[in-house]
Amino acid sequence: MPLDKPSARIKINNECHGLKPEPKTTRPPKPPSQNKPICEHKYVHYDCKKKQKYLVTTGMTEWTRIDYFFCEKCLDEKEKQKHEISRDKPKWY
């Protein structure tokens with residue numbers, strides 16, 4: 001019995017098996033109440049950490065600043081990090 005083409009499907013009683021069939025129905029959209037955030041965040045800046053590291057091999061400096069924020073309403077914490085490698089001090093540092 002020669003093979004026509006190599007296939008990942010297994011034929012049993014002339015039915016193809018081995019691959020998942022396409023879904024017959026699509027998933028319904030989420031209700032609007034689940035898409036809305038629980039808290040309307042109002043973030044306040046509370047701390048800033050700055051680091052600089054001199055890279056001897058290139059003669060450049062690695063500048064990093066991390067700003068920390070918290071939400072006044074739910075106390076969620078968030079941080080933003082800025083990073084740059086250059087010889088001159090960046091304006092944001």
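**View 1. The hairpin of S4 and S5.** In this predicted model, five residues lie between the strands of the hairpin formed by S4 and S5, and Leu75 there adopts a positive phi near 65 degrees. Strand S4 covers residues 60-71 and strand S5 residues 77-86, and the two pair in the antiparallel sense over 10 bridges; strands are DSSP runs (E, at least two residues) numbered from the N terminus, and two of them pair if DSSP finds at least two bridges between them. Lys78 in S5 is the bridge partner of Phe69.

**View 2. The open sheet.** Three strands in the order S3-S4-S5, with antiparallel pairing, make up an open sheet. Its edge strands are S3 (43-55) and S5, each of which pairs on one side only, and the twist averages 15 degrees from one strand to the next, with axes taken as lines fitted to C-alpha atoms and angles running from 0 to 180 degrees between N-to-C directions. S3 is joined to the antiparallel S4 by 12 bridges, and His45 stands opposite Phe69 in S4.

**View 3. The cysteines.** The structure holds zero disulfides, a disulfide being a pair of cysteine sulfur atoms within 2.5 Å. Cys74 is in no disulfide, and its nearest cysteine sulfur, that of Cys71, is 3.7 Å away. Cys74 is partly exposed, with a relative accessible area of 36%, where buried means under 20%, exposed over 50% and partly exposed in between (1.4 Å probe, protein chains only).

Residues are numbered from 1 along each chain as its sequence is written. Local features need pLDDT of at least 70, side-chain atom pairs count only at pLDDT 80 or more, and totals for chains, interfaces and linings use all residues, while side-chain values use heavy atoms, with hydrogens and water left out.

Note on methods:
Helix = DSSP H or I, 4+ residues; strand = E, 2+ residues; numbered from the N terminus.
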